Amino acid sequence: MLNLFSLRGLPWGGADGQEKVQLTAAELESLRSELADREEREAHLKAQLEHIDEILRSARLSGYLYIRSRWTALPGEPAPIDDIDVDDWLPRFVVLHGQCIFFYLCSTDLSPQDSTLLSDVVEVGPLPNFIREDEGTQYSFYILTRQGLRYECSHVSEVQVDTWLSALRTDCKLGSDVEVPNGS
């Protein structure tokens with residue numbers, strides 16, 4: 001078992017083909033402390049994994065999207081500059097859970113970097129596709145909040161983008177592009 005830790009500086013002695021470790025009381029206590037620390041860390045990581053697993057099991061939708069955010073211009077401000085050529089898209093793990101959209105830096109984070117209540121979403125819709133170097137065509141959509149924050153989201157899969165748009169329109173009770181025939 002001690003070979004697993006690859007501890008340096010421990011005196012090894014061999015007799016009759018058997019290897020034995022000779023430890024001082026301080027070295028033994030240090031080893032016990034290190035084992036306890038690793039067991040505590042393992043328990044903490046296991047708890048984190050179970051927490052993440054529970055969130056993802058109960059989430060309506062989750063996955064990695066490229067995200068960037070923009071603020072709408074306030075009254076009297078000049079219109080925002082055209083930033084189509086600015087590549088400030090960042091990969092984020094996005095979770096649609098309950099009445100909220102959570103934005104995580106990665107899928108193993110415990111705390112979201114940002115979140116938005118679905119009740120604050122006033123509009124969702126498609127954005128023009130664009131080509132990203134080394135990744136091909138990106139399909140994109142936006143989420144606009146009542147505070148004027150616009151999340152622009154993209155993914156290489158058109159199906160993934162359509163799924164997000166459909167789920168957000170349904171959960172935010174927004175209209176869709178589908179016309180419902182009247183009963184006449």
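So, in which strand is Arg 70 found? Arg 70 is in strand S3. A word on the source before I go on: this is a predicted model, where local features need pLDDT of at least 70, side-chain atom pairs count only at pLDDT 80 or more, and totals for chains, interfaces and linings use all residues. Residues are numbered from 1 along each chain as its sequence is written, and side-chain values use heavy atoms, with hydrogens and water left out.

Back to that arginine. Arg 70 counts as buried because its relative accessibility is 19%; buried means under 20% relative accessible area, exposed means over 50%, and partly exposed is in between, with a 1.4 Å probe and protein chains only. What does the side chain of Arg 70 make a polar contact with? With the side chain of Asp 88, at 2.8 Å. A polar contact here is a pair of N or O atoms within 3.5 Å; within protein, one must be able to donate a hydrogen and the other to accept it, and residues adjacent in sequence count only if both atoms are side-chain atoms.

Okay, zooming out. The protein chain has two helices and nine strands, and from the N terminus on they go β-β-α-β-β-β-β-β-β-β-α. Those are DSSP runs numbered from the N terminus: H or I with at least four residues for helices, E with at least two for strands. Of the 184 residues in the chain, 29% count as buried.

Now the sheet. Seven strands make an open sheet, ordered S6-S5-S4-S3-S9-S8-S7, with antiparallel pairing. Strand S6 (114–117) and strand S7 (121–132) are at the edges with a single partner strand each, so one side of each has no neighbour in the sheet. From one strand to the next, the twist averages 30 degrees. When I say two strands pair, I mean DSSP finds at least two bridges between them.

Let's look at S9, residues 149–155. On one pairing, six bridges join S9 to S3 (residues 61–71), running antiparallel, and Trp 71 has Leu 149 as its bridge partner in S9. Six bridges also join S9 to S8 (residues 136–145), again antiparallel, with Ser 140 opposite Ser 154. S8 and S9 form a hairpin with three residues between them, and Gly 148 in the turn has a positive phi of about 95 degrees.

Next up, S5. Four of its five residues are buried, and it is mostly covered. S4 and S5 pair antiparallel over five bridges, and His 97 is partnered with Cys 100 in S5. Their hairpin has two residues between the strands, and Gly 98 there takes a positive phi near 60 degrees. S5 is also joined to S6 by four bridges, antiparallel, with Asp 114 in S6 as the bridge partner of Phe 103.

What about the helices? Helix H1 (residues 25–58) lies across S3, strand S4 (90–97) and strand S5 (100–104), at about 65 degrees to S4. Helix H2 (residues 158–171) lies across S3, S4, S5, S7, S8 and S9, at about 75 degrees to S3. For those angles, axes are lines fitted to C-alpha atoms, for helices over the stretch in contact (heavy atoms within 4.5 Å), and angles run from 0 to 180 degrees between N-to-C directions.
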